[in-house]
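I opened the model today and went through it place by place. My entries follow in the order in which I looked things up.

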Amino acid sequence: MSNLLHFSEHTLQEIALVFMATIYFLRVRWLLKWTAAKERQPATGMGDTNPKKGSRYSLANILMPWVMESTRTKPLMYLQFVLFHLGVVASIGLSFIIPYAPGLLKSTTVQGILQFCIGAAFVVGIMRIIRRVSNVYVRAISSPDDYFSLILLTAWFGFAFYSVPNDASQGEGILLTYFFVTAFFLMYVPFSKISHYLYYPMTRHYLGKTLGRRGVFPLRRSPAYGNK
Amino acid sequence: MAKIEAPELTGKIITPKVKTGASKDLKVFLAKPELMTKVSFPSEKPADWKEKFIENFGVILNKYKSVRVFLDICVRCGACTDKCHFYLGTGDPRNMPVYRQELMRTVYRKYFTTGGKLFGSLGAAQEITDELLDEWMTYFYQCSECRRCSVFCPYGIDTAEITMAARELLDSIGMGSKYNLEIVNKAETLGNNLGMPGPAIRNTLDFVEEDIKEKSNVDVKLPMDVEGADILFVTPSADFFASPHIESLAGYAKVFHQAGASWTMSSYASEGGNFGMFIGNYNHMKAINARIWKAARELKVKRVIVGECGHAWRVLYAFSNSLNGPFDFLDSRYRVPQHICEYTLDLIKRGALKFDKTANDQFSVTYHDSCNVARATRMGETPGDQFTIPREIIRTVCNKFVDMDADTIGDRTFCCGGGGGTLTDELIDIRVKGAMPRMQALKRVKDSHNVNFFALICAICKAQFTKVFPYYGIDMEEVGGVHQLVSNAIILGAKEGI
């Protein structure tokens, strides 16, 4: 292993991680400084709903595509969402496995799982780029960050896919690129739309808590309206 | 009738092609300086408006954390792009909810995010300019705050809240909507949106009493300012004014009469609606809402019931406690407040009201769920009762009822096209176009079931549809209230089983 590859796998990643962690720490501290508004609306609704249940439901509904309009009506979009985010998890995991637990990659099963997740995410990334460029509606609403983040992630998946075997015998180019892109990615994330996942749990918790208190969650779809 | 080309009625809701700037010239009139001053906003745009704007933006972001989160969390996935009736009607991409939000988001990035400060336009950040402000004034008044897009947003971003924040910001630098602020001013000074003084309201009530007497030979009273009554009934002032609103007023009165209820209206709180919500201003919303609770205290009532008005119900149901609560002076056995539909259906279920359904046999009825009732509040005991209760009432008083397509009713209902402070003549063009999705759904049931009565529980929807129906070649008389149908069918005098 060259010094440069060692640097990119360790020092560079550590710097990038510390940078990202610092920014996130500041953000989370800022987020936690917010105190929830006093809820003066009296608790309403049926007895089997409360703020805790509302919060749990709201947090879990990401796993229940049938309860959200956006996913119930477009199941393929939900599948894309799942594959894409599994790919993110696998690619990030890989950046830790290679330097700290390379032995895991001797297993062809582990390699297969990682490559499946990352490869599928790459395909979804390509589909999303095509959609963002070709769909007139999505193009109309897209910002430079939307394109850049998506292209960055998709390219990153591509390099991650080929880095899974952790084999530098044919040259270190792919691994080097993967780790440099990972470092850039870690530093760019806090300033881009990709940081949406940081807010997601908080918004779901507060929304669910509030609506649980008001007796809205869990939402049951009443069959009583519509034509009889 | 203004010359406006209404979309063709085909029964199909087709997502239009993007037509950039298609509705850029449809603007609300700016409020004059005197009016701005009356409602405690700067009379005009100050010389240092940019500094003030950024400062006020910061205040809003700190005050309404949700707005900040909504601005941060959007990933522009596109789920909302074809959900807004104004986009479907005009094709202007600025009416895609996410792209309308971007008007605010770009400015937010510029002044309040590190990425925006560092990368500027590369980070999709934009300085606030006169031109951008003009776009804000245009497109944030082309949002009816109906929240249909929020139903489809995977993050639940509440576009209405962003619109409200934008309007509040515009007001704070002297750029207000004449229509909305005039109404706010009237509601705060005269007690109702139409600016009707107490004697004029009494005159209307007398007219309704006489009309009922003439038609049914029964003395149904519409009391006002009766101290010690059990119920304070609050309804939109449109109900005191014209068809098809006034017919529902007769319906409410007949229900109360038949129930033997002790009820009253208030000349001081003669408005259920609250345009403070439309302009996103907490203080105005609180002041208008406070009149109702002050009247309830002074008249020493035990409960408050709200008439057919979507946003009135939202403010009273969802915000009253936070604005002016608690209401421990009221009888705790009753929900505070109660919707007239809850009240009527309860009486029906207890057998206290009798109907002659054939009185409505000339009508084939469909029902339009109003946004604020459908997506911002609820009724009854179980989630979804806000959809079932009005329908149960209609089915009780009519023989012929049919629902429109499932993806256009319930929590996916389309806005009438005139809600959220857009019900003003200068916006009639976009109101007609914004009504298109609802009109297409209506066309389908008209074709299949000969629907000729469009039942509503919202004053704004009633006013909007009576205005836009003729543009689509439909008789405005087909618009009516749920309690208009109740009024037609109720049998007065046969009291049983209360």
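I started at Ser267(B), which is partly exposed because 19 other C-beta atoms lie within 10 Å. For the classes I used these cut-offs: buried means 20 or more other C-beta atoms within 10 Å of the residue's own, exposed means 12 or fewer, and partly exposed is in between, with C-beta atoms placed from the backbone.

Before going on I noted the ground rules. This is a predicted model, where local features need pLDDT of at least 70 and side-chain atom pairs count only at pLDDT 80 or more, while totals for chains, interfaces and linings use all residues. Residues are numbered from 1 along each chain as its sequence is written, and chains are lettered from A and ligands numbered from 1 in the order in which they are written.

Where does Ser267(B) sit? I found Ser267(B) in the loop between β2 and α13 (275-278) of chain B. Helices (H or I, at least four residues) and strands (E, at least two) are DSSP runs, numbered from the N terminus.

I then listed what Ser267(B) touches, leaving out residues up to four places away in sequence: Gly191(B), Gly198(B), Ile201(B), Met224(B) and Asp225(B). Contact here means C-beta atoms, placed from the backbone, within 7 Å. Gly191(B) is 76 residues from Ser267(B) along the chain, yet their C-alpha atoms are separated by 7.4 Å.

**The parallel sheet**

I traced an open sheet of four strands in chain B, in the order β2-β1-β3-β4, with parallel pairing. Two strands pair if DSSP finds at least two bridges between them. β2 (263-264) and β4 (338-339) of chain B are the edge strands; each has a single partner strand, so one side of each has no neighbour in the sheet.

I checked one pair more closely. Strand β3 (residues 303-306) of chain B runs parallel to β4(B) and is joined to it by two bridges. The bridge partner of Val306(B) in β4(B) is His339(B).

Most residues other than glycine have a negative phi, and most peptide bonds are trans. I looked for exceptions.

- Ser243(B) and Pro244(B) are joined by a cis peptide bond, with omega about 0 degrees. Pro244(B) is in the loop between β1 (231-234) and α12 (245-259) of chain B.
- From Val336(B) to Pro337(B) the peptide bond is also cis, with omega near -15 degrees. Pro337(B) is in the loop between α15 (310-324) and β4 of chain B.
- Asn217(B) has a positive phi, near 60 degrees. Asn217(B) lies in the loop between α11 (198-216) and β1 of chain B, and counts as exposed because it has 9 C-beta neighbours inside 10 Å.
- Lys300(B) has a positive phi, near 55 degrees. Lys300(B) lies in the loop between α14 (282-298) and β3 of chain B, and counts as partly exposed because it has 13 C-beta neighbours inside 10 Å.

**Chain B as a whole**

I counted 22 helices and seven strands in chain B. Of its 498 residues, 57% count as buried. The C-alpha atoms fill a box of roughly 75 × 50 × 40 Å along the principal axes.

**Domains of chain B**

Chain B divides into domain 1 (33-183) and domain 2 (185-402 + 451-489); the bounds come from an automatic or database domain assignment. Their C-alpha centres lie 32 Å apart. The contact between them takes 16 residues from domain 1 of chain B and 13 residues from domain 2 of chain B. On the domain 1 side, α9(B) gives the largest share, five residues.

**Core**

Which residues have the most contacts inside the largest nonpolar core? They are Val304(B), Val306(B), Val365(B), Ile394(B), Ala455(B) and Leu485(B), in a core of 160 residues. A nonpolar core is a set of buried Ala, Val, Leu, Ile, Met, Phe, Trp, Tyr and Cys residues joined through C-beta atoms within 7 Å. This core draws at least three residues from each of domain 1 and domain 2 of chain B.

Beyond its neighbours within four places in sequence, Ile394(B) is in contact with Val365(B), Tyr367(B), Phe401(B), Ala455(B), Val482(B) and Leu485(B).

**Chain A against chain B**

My last entry is the chain contact, which takes 36 residues from chain A and 44 residues from chain B.

Technical notes:
Contact = placed C-beta atoms within 7 Å.
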